[in-house]
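Hi everyone, thanks for coming. Let me walk you through a structure, one piece at a time.

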Amino acid sequence: MTTPTPTLSTPDLEAVYDALAQAIDTAGPDKAALLLVKLALLNAHALGDAALVQRHIQTALQDL
């Protein structure tokens with residue numbers, strides 16, 4: 001039996017989006033990339049699955 005993948009509800013996902021947008025604005029244009037890298041590394045550590053993180057990176061690169 002496989003473990004179900006946790007997902008966020010639409011309201012929770014919207015709250016995360018809003019918090020991320022606010023954090024990017026707070027960091028400013030000179031530090032936004034650094035903020036996003038730090039956040040990505042924190043989330044990668046929390047996920048604990050390098051292959052999954054790499055798949056997420058490839059998915060995020062699509063349609064930029």
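**A short tour of the model**

Let's start with aspartate 63, which sits in the segment after α3 (50-61); helices here are DSSP runs of H or I with at least four residues, numbered from the N terminus. Before I go on, this is a predicted model, where local features need pLDDT of at least 70 and side-chain atom pairs count only at pLDDT 80 or more, while totals for chains, interfaces and linings use all residues. Residues are numbered from 1 along each chain as its sequence is written, and side-chain values use heavy atoms, with hydrogens and water left out.

Aspartate 63 has a phi near 60°, a positive value in a residue other than glycine. Most residues other than glycine have a negative phi. Aspartate 63 is also exposed, at 81% relative accessible area (exposed is over 50%, with a 1.4 Å probe and protein chains only).

Now, the helices. α2 covers residues 32-47, 16 residues in all, and reaches 22 Å from first C-alpha to last, close to the 22 Å expected at 1.5 Å a residue (1.5 Å times one less than the number of residues). Just after α2, glycine 48 has a positive phi of about 70°.

How do α1 and α2 pack? Their angle is about 135° and their axes are 8 Å apart (axes are lines fitted to C-alpha atoms over the stretch in contact, with angles from 0 to 180 degrees between N-to-C directions). Leu20, Ala23, Ile24 and Ala27 of α1 meet Ala32, Leu35, Leu36 and Leu39 of α2, contact being heavy atoms within 4.5 Å.

Conventions: Helices (H or I, at least four residues) and strands (E, at least two) are DSSP runs, numbered from the N terminus. Buried means under 20% relative accessible area, exposed over 50%, partly exposed in between (1.4 Å probe, protein chains only).
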